[in-house]
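Trainee: I would like to go through this structure with you. Could we begin with the terms and then turn to the residues?

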Amino acid sequence: MTQPTMLGPALPNIPWEDRPASSSEVVWRYSLNPIIPGNLLPNSNSIFNSAVVTYQGKYAGVFRCDNRAREMRIHSGRSEDGLTWQIEPEPIPFVSPDPEIAPLEYCYDPRVVWIEDRYYVSWCNGYHGPTIGMGYTYDFNTFYQLENAFLPYNRNGVLFPHKINGNFAMFSRPSDTGHTPFGDIFYSESPDMNYWGKHRFVMAPRGGWQSTKVGAGPIPIETSEGWLMFYHGVLTSCNGFEYSFGAALLDLDKPWKVMYRTQPYLLAPRELYERVGDTPNVCFPCAALTDPASGRITIYYGAADTVTSLAFGMVDEVIDFVKRNSL
């Protein structure tokens, strides 16, 4: 049987650690987690739920940095190896097209993706409630703000790495003004990154670890088997929300069509840095690096809303797990 393959450029220097000999996990943690502590910056309280991409043979990213006033902001950062990061001490000063949307009440949980000729950034943006902020950069020095994608209230805006049916495409999760005890994933398209429509339902919460709400995680990964989407799921326990993550396979041409979806999670809070922090019991994936030549996937995830951690997997094993353990 032909092994599943990922599409995209090779990344031979992908951050990586082999699965421990004693482990049978499909997705396993980096032994030196967390890779970014919450107090990396002089004024940072926590650094988590952040986005990483390749840039000029190295790495760059946009990072959620909550400061010691507990303001939620996003900062740019760079790395030689994807493990040790230099993050700018000041938030990104977006160049805005309109003073109406220029004030950033809060910014959090960014994603970054290269599409055609630039890096697009999406994040949860405060504009009379949470909505999806949009922007772009060519060099991770100057960032340009675009119009918010949707009306409030919405979160988890995750772009696709190329156009679908001639349009830009994005996942989102309509929400409310608070901690949102519900949430389905929807798909939308845009001809110009300005006006969004063709909204399609993707999936809703199910039982167990994903019974309260679900949301798209890293940028979807294009494979020969379909779009591989890592997503977070939330369970409401007697102690509050618990965030884990699993994966789904979606139709390549109609990404709102779910072909397979994991019943068991791939990774759930277990380690101390995932269970203890500003928000206990959280594993929240926001970025993934891939090397199609080796089949390696490296996932960046926020732990306990405090630090940034890494996990690893092989695309063929992940896809096989999703298919064999589908709802």
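Mentor: Contact means heavy atoms within 4.5 Å. This is a predicted model, in which local features need pLDDT of at least 70, side-chain atom pairs count only at pLDDT 80 or more, and totals for chains, interfaces and linings use all residues. Residues are numbered from 1 along each chain as its sequence is written, and side-chain values use heavy atoms, leaving out hydrogens and water.

Trainee: Which residues does Gln210 touch?

Mentor: Leaving aside residues up to four places away in sequence, Gln210 touches Pro205, Tyr231, Gly233, Val234, Arg261, Thr262, Gln263 and Leu327.

Trainee: Is Gln210 buried or exposed?

Mentor: Gln210 has a relative accessible area of 1%, so Gln210 is buried (under 20% relative accessible area; exposed is over 50%, partly exposed in between, with a 1.4 Å probe and protein chains only).

Trainee: Changing topic, how many aromatic pairs are found in the whole structure?

Mentor: The search finds 29 aromatic pairs. Rings of Phe, Tyr and Trp (its six-membered ring) pair if their centres lie within 6.5 Å; planes under 30 degrees apart count as stacked, over 60 as edge-to-face and the rest as tilted.

Trainee: Why is the pair of Phe94 and Trp123 stacked?

Mentor: The ring centres of Phe94 and Trp123 are 4.8 Å apart and the planes lie at 25°, so the pair is stacked.

Trainee: And how buried are they?

Mentor: Phe94 counts as buried at 13% relative accessibility, and Trp123 is buried at 2%.

Trainee: Which cluster do ring pairs form?

Mentor: Ring pairs link Tyr55, Phe94, Trp114, Tyr119, Trp123, Phe140 and Phe143.
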